Amino acid sequence: MSVDEPTDAAAEFHAFFEAHYAELSRLARLLTGDADGADDLAADALLALWHRWDRVRAADHPAAYARGVVANMARARIRSAVRERRRMTLFWSGQSERSEDPDIPAVVDVQEALRLLPFRKRACVVLRHGFDLSEKDVAKALGISVGTVKSQTSKGMAELQRALGREQVLHRIRMTVADAGGQH
């Protein structure tokens, strides 16, 4: 271990941060549906990566590792928010959150449609079609098998097509990912 190694690690991490922060923030925004919290989640993920930087930089695909950290943190935040919402609902009304006859608008926004997907389907669709990752890279990022990625992506896309209509769903997802980059 040389005297310069900590500086080299800090410089490496800084370069990694600069190269991937915006992407990780967009991913966090699309996974959580929370524009305000996306930057915080990306920063929290990068802080966690810094604490494990030796392991991250030794990984075959550090960016995939980082996406996995963001996905896991997003999942934890979503679960926490859902639990809190359920507690509040039970406290205030004791009634179910579901509406018997929902008022569905004619045009459903892509982000709203993504928010309706269960987390794993949403993550697979966003990483696969929004970020153009291979099935193998999505599997690495989420810590699941390639077969699960294929299945969840297919089912998620089918649900989105039902919600949004079949025309240009992939194009609209990619446009949403591109838009998410400039809106926070």
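In the predicted model, the largest cavity is lined by Arg 29, Leu 30, Gly 33, Gln 111, Leu 114 and Arg 115. Two elements, α1 (5–32) and α5 (110–116), each give two or more residues to this lining, and the largest share, three residues, comes from α5. Sorted by class, the lining holds two nonpolar, two polar and two charged residues.

When residues up to four places away in sequence are not counted, Leu 160 touches Ala 113, Leu 114, Leu 117, Val 125, Gly 165, Val 169 and Ile 173.

A search of the whole structure for aromatic pairs finds four. One of these is formed by Phe 13 and Trp 50, in a tilted arrangement with 5.0 Å centre to centre and 55° between the planes. This pair links distant parts of the chain, since Phe 13 lies in helix α1 and Trp 50 in helix α2 (residues 35–51), 37 residues apart. The two partners are described by separate accessibility values: Phe 13 counts as buried because its relative accessibility is 12%, whereas Trp 50, with a relative accessible area of 36%, is partly exposed. Both residues belong to one aromatic cluster, formed by Phe 13, Phe 16, Trp 50 and Trp 53.

Key
Residues numbered from 1 in each chain as written. Predicted model: local features only at pLDDT ≥ 70, side-chain atom pairs only at ≥ 80, totals over all residues. Heavy atoms only, no water. 1 Å grid on protein atoms, 1.4 Å probe; cavity = no way out; pocket = protein on both sides within 12 Å on 5 of 7 lines; lining within 4 Å. Helix = DSSP H or I, 4+ residues; strand = E, 2+ residues; numbered from the N terminus. Nonpolar A, V, L, I, M, F, W, Y, C, P; charged D, E, K, R; others polar. Contact = heavy atoms within 4.5 Å. Phe/Tyr/Trp six-rings, centres within 6.5 Å; stacked < 30°, edge-to-face > 60°. Buried < 20%, exposed > 50% of the residue type's maximum accessible area, 1.4 Å probe, protein only.
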